[in-house]
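Thanks for coming, everyone. Let me put the structure up, and then we can walk through it together.

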Amino acid sequence: PAVAGAFVSAFGRTQAALPLAAFQLLGGALTSVVVYAWATRVADRAWACVAALLTLALPALNYAGLAMTESLTLTASTIALFAIARAAEQPSWLLQAVMCGTVILAVQLRLQALSLIPTAVVAIAAMALLEGKVDRLRSLLPSLTILLAWMGVWMMTARETIGAPLGAYSAADDLGFDLLVTLRFAAFHLVDLAVMTVVLPL
């Protein structure tokens, strides 16, 4: 809303659509730059280019022409995930600050990005345990604690102001979930992920 509102204020309600769409398209396309920079750390430049091109085919970019947050959230979430990975590799104070800032920015753009916080906790803990580097996890405890505390305060504030800790998504929690159905959909998503990251590049 803040991004769309800024363009409406600058160009007027009738003229804001085109510059807003261009801004969102450019912002969404920048995701490929982030993916390229990330991929070059684990693969050669040719495969990094493939990864960047596949990023431009993501459905979220289809919404760039609308006053929706999908395209910018894609960029912000990718930057946040890259920051989490870098902080896990090298837990300096600077990288931890970047991780916290990018995760919070992604959440401010779209509430669904709140899942980045438990993702960061689980990913960093798993990496530290698998590599046998518990000291790395200890070094990242301050930033992880800040993110978890911020998430808790955010949810409590939302509950006090609008009566729902997860905003519009609180209805999903009220419905309840069948464990087997949830696991089946999780398996579907894993297959989709494998197709996009393994099968298509090959």
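How far apart are arginine 86 and glutamate 89 in helix α4? They are three residues apart, which means about one helical turn separates them. Hold that pair in mind.

Some ground rules. This is a predicted model, where local features need pLDDT of at least 70, side-chain atom pairs count only at pLDDT 80 or more, and totals for chains, interfaces and linings use all residues. Residues are numbered from 1 along each chain as its sequence is written, and side-chain values use heavy atoms, with hydrogens and water left out.

Now the overall fold. The protein chain has nine helices and zero strands. Helices (H or I, at least four residues) and strands (E, at least two) are DSSP runs, numbered from the N terminus. The C-alpha atoms fill a box of roughly 60 × 50 × 40 Å along the principal axes. Of the 202 residues, 32% are buried. Buried means under 20% relative accessible area, exposed means over 50%, and partly exposed lies in between, with a 1.4 Å probe and protein chains only.

For a sense of distance, take phenylalanine 11, in helix α1 (residues 2-11). Phenylalanine 11 and alanine 126 are 115 residues apart in sequence and 48 Å apart in space, C-alpha to C-alpha. Phenylalanine 11 counts as partly exposed, because its relative accessibility is 44%.

Next, salt bridges. Side chains of opposite charge can pair when their charged atoms come close. Here a salt bridge is a side-chain nitrogen of Lys or Arg within 4 Å of a carboxyl oxygen of Asp or Glu. The structure holds four.

Back to our pair. Arginine 86 and glutamate 89 form a salt bridge, with the closest N and O atoms 3.2 Å apart. Glutamate 89 is partly exposed, at 36% relative accessibility.

Then glutamate 131 and arginine 136, at 3.0 Å, N to O. Glutamate 131 is partly exposed, with a relative accessible area of 40%. Arginine 136 is buried, at 15%.

Aspartate 135 and arginine 138 meet at 2.5 Å, N to O. Both sit in helix α7 (residues 134-162), three residues apart, so about one helical turn lies between them. Aspartate 135 counts as exposed, at 53% relative accessibility. Shared partners also join Arg41, Arg86 and Glu89 into one salt-bridge network.

Now the largest pocket. It holds about 1400 Å³ of space. On a 1 Å grid over the protein atoms alone, a pocket is an open set of points where a 1.4 Å probe fits, with protein on both sides within 12 Å along at least five of seven lines, and lining residues have an atom within 4 Å of a point.

Which residues lie nearest its centre? Leu58, Leu74, Leu81, Leu193 and Met196, out of 29 lining residues. Helix α4 gives the most to the lining, with six residues. Other helices supply at least two each, including α2 (17-39) and α9 (179-199).

Last stop, the surface. Val191, Val195, Val198 and Val199 form a nonpolar patch, with about 310 Å² of accessible area together. Such patches take residues with over 30% relative accessible area and no salt bridge, and nonpolar side chains are joined within 5 Å. Valine 198 sits in helix α9. Valine 198 is partly exposed, at 44% relative accessibility.

Conventions. Grid points are joined across faces, edges and corners, and a volume is the space filled by probe spheres set on the points. Patches are made of residues with over 30% relative accessible area and no salt bridge: like charges are joined within 9 Å, nonpolar side chains (Val, Leu, Ile, Met, Phe, Trp, Tyr) within 5 Å. Accessible areas come from the Shrake-Rupley method with a 1.4 Å probe; for residues, only the protein chains shown count as cover.
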